[in-house]
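Come and look through it with me.

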Amino acid sequence: MTRTLAALATLIALSANAGAQDVADAESVARAYMAAYSAVNLDAMEPLMAANMVFDDPTALGEGVGPDGIHRDGRDASLAMLREFITAYDPIELGFVWDTVFTSNDRVIFTGHVNALYPTATEGKHFRWRADQVSVITVRDGLVVHHQDFANYAAPEQGLVPEQ
């Protein structure tokens, strides 16, 4: 009986350690992915994306965006959408600032703000678009399989700010 209890305790401890490592790995991948996303660095994002990943932003508004926001199936479609965004708006950075990051199972939840900066024709000034944002990144087998953004598109702070 004592051996059975000891074996069971060892198994539970090993499972807990494996689970903790999976959470740490998921968070590490998600943080690297979101840092690349924040810097608008698609070359750094791509190797972290599963081929069948899904990109969703159900809160997105704008021309050509339907009532359910943005939905792209697959890494190639997601990257194409991001390239179109870069071509259309020429962002300097998305500039995410995360107040809270936590991991639950294989989902890493980022809550904070997007502080996007764009070039302007006004010397010494950038256009800043700032809004509350939550991003949920699902990581499986070391790759991002689902990216979900939820931003307050309806009430952003926006205007010219000094270049830094």
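My notes below go from the whole chain to its pockets and then to one residue.

**Ground rules.** I am working with a predicted model, where local features need pLDDT of at least 70, side-chain atom pairs count only at pLDDT 80 or more, and totals for chains, interfaces and linings use all residues. I number residues from 1 along each chain as its sequence is written, and side-chain values use heavy atoms, with hydrogens and water left out.

**The chain.** I looked up the secondary structure and found three helices and seven strands (DSSP runs numbered from the N terminus: H or I of at least four residues for helices, E of at least two for strands). Along the sequence I read the pattern α-α-β-β-α-β-β-β-β-β. Of the 164 residues, 37% are buried, meaning under 20% relative accessible area with a 1.4 Å probe, protein chains only. I also checked contacts (heavy atoms within 4.5 Å): among those with a separation of 6 or more, 56% join residues 24 or more positions apart.

**The largest pocket.** I found about 880 Å³ of space in it. Of its 34 lining residues, L61, I70, F85, Y89 and Y153 are the closest to the centre. A pocket here is an open set of points on a 1 Å grid over the protein atoms alone, where a 1.4 Å probe fits, with protein on both sides within 12 Å along at least five of seven lines; lining residues have an atom within 4 Å of a point. The volume is the space filled by probe spheres set on the points, which are joined across faces, edges and corners. Helix α3 (75–89) is among the elements that supply at least two lining residues, and its seven are the largest share. By class I noted 24 nonpolar, five polar and five charged residues; Ala, Val, Leu, Ile, Met, Phe, Trp, Tyr, Cys and Pro count as nonpolar, Asp, Glu, Lys and Arg as charged, and the others, Gly among them, as polar.

**The second largest pocket.** Its volume is about 190 Å³, and its lining includes I92, N115, R128 and Q164. Strands β4, β5 and β7 (157–162) each give two or more residues to this lining.

Is Q133 buried or exposed? I found it buried, with a relative accessible area of 6%. Q133 sits in strand β5. Leaving out residues up to four places away in sequence, Q133 touches F96, W98 and F150, among others. Its side chain makes a polar contact with the side chain of S135 at 3.1 Å (a pair of N or O atoms within 3.5 Å; within protein, one must be able to donate a hydrogen and the other to accept it, and residues adjacent in sequence count only if both atoms are side-chain atoms).

Note on methods: Buried < 20%, exposed > 50% of the residue type's maximum accessible area, 1.4 Å probe, protein only.
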